Amino acid sequence: VGEKLFTSTLSGLYLSTYAGGSWTTVKTNFPSGEIAIAIKGVASRIYAATESGKVYLSTDAGKDWSLGNHGIGGTVNSFAVIDTTLFAGTTKGLYINASDTIWDNIDSGLNDSDVKDLISTGENLYALAGPNVYLSTDSGQIWSRVNDVKGFGFGSKITAIGSRVLVGSSINGLFMSSDTG
């Protein structure tokens with residue numbers, strides 16, 4: 001989140017301002033025993049999704065947290081941001097943050113509701129759902145499948161380096177596209 005890195009363990013929430021070189025405990029009301037599996041900053045807000053399926057919101061650099069998952073379904077696997085709009089890929093579809101704590105489902109056009117990973121590159125939004133990669137060029141309103149390779153496999157992740165989109169699979173290796181899929 002900006003120059004700050006956040007992570008969490010069963011022991012609590014941690015912050016690094018030195019690119020991960022050292023970590024300090026954040027004195028916070030973040031629920032003990034919760035582990036954040038996705039953390040993303042948007043403007044002055046920080047969102048943390050936990051293994052238990054909850055989404056928490058902080059508006060004061062991680063000191064105070066409140067529940068922020070009204071309307072979201074499933075467990076959040078990842079977040080992505082376009083401009084100041086936050087998206088969440090979950091085990092039950094794709095959601096857009098309508099306001100600080102309200103989420104709307106926007107997975108129309110996705111054939112698979114289990115969104116394993118989500119990234120943004122400029123105005124493009126990519127979702128890895130089931131064994132396929134989907135692309136939206138209009139903030140998630142319309143989706144089209146962009147891969148011709150089936151079966152990226154369990155544990156797949158998607159990332160972008162410049163204009164290249166990479167999909168890694170624990171079963172079938174690494175796939176790359178330099179033309180939006």
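Ring pairs link Y47, F79 and W103 into a cluster. Two rings of Phe, Tyr or Trp (the six-membered ring in the case of Trp) count as a pair if their centres lie within 6.5 Å; planes under 30 degrees apart are classed as stacked, over 60 as edge-to-face and the rest as tilted. The model is predicted: local features need pLDDT of at least 70 and side-chain atom pairs count only at pLDDT 80 or more, while totals for chains, interfaces and linings use all residues. Residues are numbered from 1 along each chain as its sequence is written, and side-chain values use heavy atoms, with hydrogens and water left out.

By the ring criterion, the count comes to three aromatic pairs. The centres of the Y47 and F79 rings are 6.5 Å apart and their planes stand at 55°, so this pair is tilted. Because Y47 belongs to strand β5 (residues 45-50) and F79 to strand β8, the pair ties together parts that are 32 residues apart in sequence. Strands here are DSSP runs of E with at least two residues, and helices are runs of H or I with at least four, numbered from the N terminus. Both Y47 and F79 are buried, where buried denotes under 20% relative accessible area, exposed over 50%, and partly exposed the range in between (1.4 Å probe, protein chains only).

Y47 also forms an edge-to-face pair with W103, at 6.0 Å centre to centre and with 80° between the planes. This pair links distant parts of the chain, with Y47 in strand β5 and W103 in strand β11, 56 residues apart. The relative accessible area is 0% for Y47 and 3% for W103.

Six bridges join β8 to the antiparallel strand β9 (residues 85-90), and V76 has T90 as its bridge partner in β9.

Elsewhere, N132 lies in strand β14 (residues 132-136). N132 is buried, with a relative accessible area of 9%. Its side chain makes a polar contact with the side chain of R145 at 3.3 Å. A polar contact is a pair of N or O atoms within 3.5 Å; within protein, one must be able to donate a hydrogen and the other to accept it, and residues adjacent in sequence count only if both atoms are side-chain atoms.

Conventions: Pairing = 2+ DSSP bridges.
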